[in-house]
Amino acid sequence: VVGTPTRKWLTYAPRLLTLADSDSFRLHMLTGTSGEVNHSLVVKQVNADNTLTTLTTQLLDIGTDPVAAFSVAVGPADLAAYITLPERYRVWLIDSEDDIASEVFEVIVDTKCKEVRRPLAWLSKLGGVDLYTFTGREIETSKATRTTIRKPMGRGTGYDWSERGNTSSPGSTFLLSSAPLNAATRAWIARDLGQATVSALKLSATQVTPIVLTSDSHLAANTGGLGKPLTIEYRRGTDNLVQQA
């Protein structure tokens, strides 16, 4: 759906999402048929009495050439350089007439200490890139398959002997459990991440590794709602490299 006032974000994430103060999050959107966008991003604090206080309004700068889509960084880590982070805030787009031109996306900032943090990103079914940070217990399992190989050398030269070597094929996997999730967040992660063809793990501010989910079944929802952790198993693309000696 393109056009005011219901421009849709290209994410299946709940429009109310809890993120840590170190989390990044991007909202992606298609433009109109002309490819031109003249919108501003509004960030407003949600006060205790549910009133709103404007923190910043920024005109989107996406260049002069028509584009098919754009993304806006709205996570706590993205906005911390420009505003003092509140405990809760909302973001949306407004047009040149100051009318709301997008869905409203609300963030609750969680500053609690967590055991382990694993930011996972994946390609959503709507064409955007979603990100969610798992916070909870992680268990690493390391295993390897070792084989002995024989290499015939010098046949017919009087030196008929075989060089023996060993090959190790590792298979490290990680079992990761999230914090307890509300029903909407759990369904989004189980359906979208659980069925994604491309996913990655953010190791640091500058390092990202692809991952492959090895668990093929994730409980997404039931009619009574779920408030339990979600557990996934995955292996990292930088692991499981064959070694030979």
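I started with the largest nonpolar core, which has 40 residues; Phe25, Phe105 and Phe134 have the most contacts inside it. For the term I used buried Ala, Val, Leu, Ile, Met, Phe, Trp, Tyr and Cys residues joined through side-chain atoms within 4.5 Å. Buried here is under 20% relative accessible area, exposed is over 50%, and partly exposed lies in between (1.4 Å probe, protein chains only). Helix H2 (residues 183–193) gives the largest share of this core, four residues. Helices (H or I, at least four residues) and strands (E, at least two) are DSSP runs, numbered from the N terminus.

Notes on the source: this is a predicted model, where local features need pLDDT of at least 70 and side-chain atom pairs count only at pLDDT 80 or more, while totals for chains, interfaces and linings use all residues. Residues are numbered from 1 along each chain as its sequence is written, and side-chain values use heavy atoms, with hydrogens and water left out.

**Phe134**

I listed what Phe134 is in contact with (heavy atoms within 4.5 Å), skipping neighbours within four places in sequence. The list runs Val116, Arg117, Arg118, Leu120, Leu176, Ser177, Ser178, Ile189, Leu193, Leu230 and Ile232.

**H2**

Next I checked how H2 sits. Eight of its eleven residues are buried, so H2 is largely enclosed by the rest of the structure. The buried ones are Thr185, Arg186, Ala187, Trp188, Ile189, Ala190, Asp192 and Leu193. Their cover includes E1, strand E8 (117–123), strand E9 (129–135), strand E14 (199–202), strand E15 (208–213) and strand E16 (231–236). At the start of H2, I found a side-chain oxygen of Asn182 within 3.3 Å of the backbone nitrogen of Ala184.

**Thr11**

Where is Thr11 placed? I found it in the segment before strand E1 (16–20). Thr11 is buried, at a relative accessible area of 4%. Its side chain makes a polar contact with the side chain of Asp130 at 2.8 Å. A polar contact is a pair of N or O atoms within 3.5 Å; within protein, one must be able to donate a hydrogen and the other to accept it, and residues adjacent in sequence count only if both atoms are side-chain atoms. Not counting residues up to four places away in sequence, Thr11 touches Phe25, Leu27, Leu126, Asp130 and Trp188. Trp188 is also among the buried residues of H2.

**E13**

Strand E13 (residues 173–177) has four of its five residues buried, so it is largely enclosed by the rest of the structure. I looked up its partners; two strands pair if DSSP finds at least two bridges between them. Strand E10 (residues 138–141) and E13 run antiparallel, joined by four bridges, with Glu138 bridged to Leu176. E13 and E16 also run antiparallel, again through four bridges, and Ser177 stands opposite Thr231 in E16.

**The open sheet**

Five strands form an open sheet in the order E1-E7-E6-E3-E4, with mixed pairing. E1 and strand E4 (52–59) are at the edges with a single partner strand each, so one side of each is left without a neighbour in the sheet. The twist from one strand to the next averages 25 degrees; axes are lines fitted to C-alpha atoms, for helices over the stretch in contact, and angles run from 0 to 180 degrees between N-to-C directions. Strand E3 (residues 40–46) pairs with E4 in the antiparallel sense over seven bridges, and Val46 has Leu52 as its bridge partner in E4.

**Whole chain**
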